[in-house]
Amino acid sequence: MPRPVQEINAGSMADIAFLLLIFFLVTTTMDVDSGILRKLPPIVENQQENEDKIKERNVFVVLINKNNQLLVQGEWIDVRTLKDRAKEFIANPKDNPNLPEKKPTEVILLGTYPVTKGVISLQNDRGTSYEMYINVQNQLTAAYSELREEFAKQKFGNVYDKLDADQQKAVNEVYPQKISEAEPKNIGGKK
Amino acid sequence: MGKFSRKGKGGVPALSTSSLPDIIFMLLFFFMVTTTMRETELKIKVKMPEATEIKKLEKKSLVSNIHVGAPKESYQAMYGTEPRIQLNDVFAKVSDIADYISNERAARDENEVPFMTVSLKVDGKTQMGIVTDIKQELRKCNALKLNYATRKAKKS
């Protein structure tokens, strides 16, 4: 006669699971890695040649000094107004001769479209605080993404995130993100 | 009339706890899936600046971290209060970054190397000098995909 199998007491199972749960809560982190993505330029030997080709009207110069002050196109401005200045520069809605020229370029889905040749040139000092630098980078990125957002709404009638891959590519080609960082300089003293 | 009379003698019936382990296990699995193991112990204080225009880094396994910040109090006696670089678990110099990057590359699959990203986790109060040095060093090792890690700020 087979003996009946004894039932396992599952009452402590919850405790064991709790223990595991607490272990994982302690040893893990929840934060998602996120931030501002940038691509560094590869090191080029004959840099001088490259820089000469860009006309003055096509460059938007942003300088940050060691006291975290901002000089944009030769004017002191507040960082909060930087986004609007950058947007105006990139979009150039009235074809102002002082703002960047536009070059008709073949764009996917849209055919030929005048694409701005504007480049934002960012230069910081060694003494600039990282907070300020990120703030400026953030403002410039915001300028680009707002323009892209507006363009996406106007042309495709939807927010940028909801467009399909080709449409997003088209929007990116119309407003290419061009932020160039000058070779570092040391004006404010070594720190 | 006994039609609706209660069966027992009143009192709360015992709560069945047999499904409690299942609930806890579910929680456990949720946390195991959504979180990652803490890999390194930070010896520096890093309070990253805030930004609104942030993007998520997609593949965590392809991200190498470089931390920069002032040493924590317990390390200040040895390392001072100036911002320093931390790679993995140790303090490092700018010149160590090249080795670090090549180690990170060697640890990954060969066709994943072009997608590797370096995430700079820098304290907001750090001066740009050290960051510029790191960037130049990264350019020299041809590690060009860069991410400035930030905290998410509310859009105004």
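Helices (H or I, at least four residues) and strands (E, at least two) are DSSP runs, numbered from the N terminus.

This is a predicted model: local features need pLDDT of at least 70, side-chain atom pairs count only at pLDDT 80 or more, and totals for chains, interfaces and linings use all residues. Residues are numbered from 1 along each chain as its sequence is written, while chains are lettered from A and ligands numbered from 1 in the order in which they are written.

**View 1. Chain A has 5 helices and 9 strands.** Their order along the sequence is α-β-β-α-β-β-β-α-β-β-β-α-α-β. Chain A has 191 residues, and 20% of them count as buried (20 or more other C-beta atoms within 10 Å of the residue's own; exposed means 12 or fewer, partly exposed in between; C-beta atoms are placed from the backbone). Take the contacts between residues at least 6 apart in sequence: 65% join residues at least 24 apart. Contact means that two C-beta atoms, placed from the backbone, lie within 7 Å.

**View 2. Thr105(A) sits in strand E6 (residues 102-107) of chain A.** Thr105(A) is partly exposed, because 15 other C-beta atoms lie within 10 Å. Beyond its neighbours within four places in sequence, Thr105(A) contacts Thr112(A), Tyr113(A) and Val115(A). Thr116(A) is 11 residues away along the chain from Thr105(A); their C-alpha atoms are 9.4 Å apart.

**View 3. Pro176(A) lies in the loop between helix H5 (165-174) and strand E9 (179-181) of chain A.** With 14 other C-beta atoms within 10 Å, Pro176(A) is partly exposed. Pro4(A) is 172 residues from Pro176(A) in sequence, and 75 Å from it in space, C-alpha to C-alpha.
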